[in-house]
Amino acid sequence: NLDGALLKALNMANVNVVVATLKLMDVDQIFDGPLKASNVVLLMLMQQLSTELNTDALLKLQLIKRAGLTINRSDPSISNHYQHILNTVLENLEEARPNFQE
């Protein structure tokens, strides 16, 4: 179960574990198809991936973008937390931005 595997990794609160888990998966299935991740998992994924962008930055940024485009922000299961977490993700991205400028 895709959500179960991702939740297990996300609940460890270790972004390296999350990335390692993602690298073992067909990432397209997370965002599309009958087994795609729930909106809760997508929101958690965006939040955790944005916390540390020093390693695997390109992969993390691509996944954050895809999650942001895929997530249904009107889903009642995330509606109370969506804006706060999105603001946190944006703050994390803004803090990391100098690392990516030439």
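**Helix packing and the core**

Modeller: This is a predicted model. In it, the cover over the buried residues of α4 includes α1, α2, α3, α5 and α6.

Colleague: Which residues of α4 are buried?

Modeller: They are Asn-39, Val-41, Leu-42, Leu-43, Leu-45, Met-46, Gln-48 and Leu-49. Because eight of the eleven residues of α4 are buried, the helix is largely enclosed by the rest of the structure.

Colleague: And the largest nonpolar core, how many residues has it?

Modeller: It has 28 residues, and those with the most contacts inside it are Leu-6, Leu-22, Ile-30 and Leu-49. Two or more residues each come from α1 (2–11), α2 (15–23), α3 (27–31), α4 (39–49), α5 (57–70) and α6 (82–96).

Colleague: Which element gives the most?

Modeller: α4 does, with six residues.

Colleague: What does Leu-6 touch?

Modeller: Leaving out residues up to four places away in sequence, Leu-6 touches Leu-22, Met-25, Ile-30, Ala-37 and Val-41.

Colleague: Changing topic. Where is Asn-1, in terms of the helices?

Modeller: Asn-1 sits in the segment before α1.

Colleague: Buried or exposed?

Modeller: Asn-1 counts as exposed, because its relative accessibility is 78%, and the cut-off for exposed is over 50%.

Colleague: What does the side chain of Asn-1 reach?

Modeller: It reaches the backbone nitrogen of Gly-4 at 2.5 Å. A polar atom of the Asn-1 side chain also lies 3.0 Å from the backbone nitrogen of Asp-3.

Colleague: How many Å apart are Asn-1 and Arg-66?

Modeller: They are 20 Å apart, C-alpha to C-alpha, and 65 residues apart in sequence.

Key:
Residues are numbered from 1 along each chain as its sequence is written. This is a predicted model: local features need pLDDT of at least 70, side-chain atom pairs count only at pLDDT 80 or more; totals for chains, interfaces and linings use all residues. Side-chain values use heavy atoms; hydrogens and water are left out. A nonpolar core is a set of buried Ala, Val, Leu, Ile, Met, Phe, Trp, Tyr and Cys residues joined through side-chain atoms within 4.5 Å. Buried means under 20% relative accessible area, exposed over 50%, partly exposed in between (1.4 Å probe, protein chains only). Helices (H or I, at least four residues) and strands (E, at least two) are DSSP runs, numbered from the N terminus. Contact means heavy atoms within 4.5 Å. A polar contact is a pair of N or O atoms within 3.5 Å; within protein, one must be able to donate a hydrogen and the other to accept it, and residues adjacent in sequence count only if both atoms are side-chain atoms.
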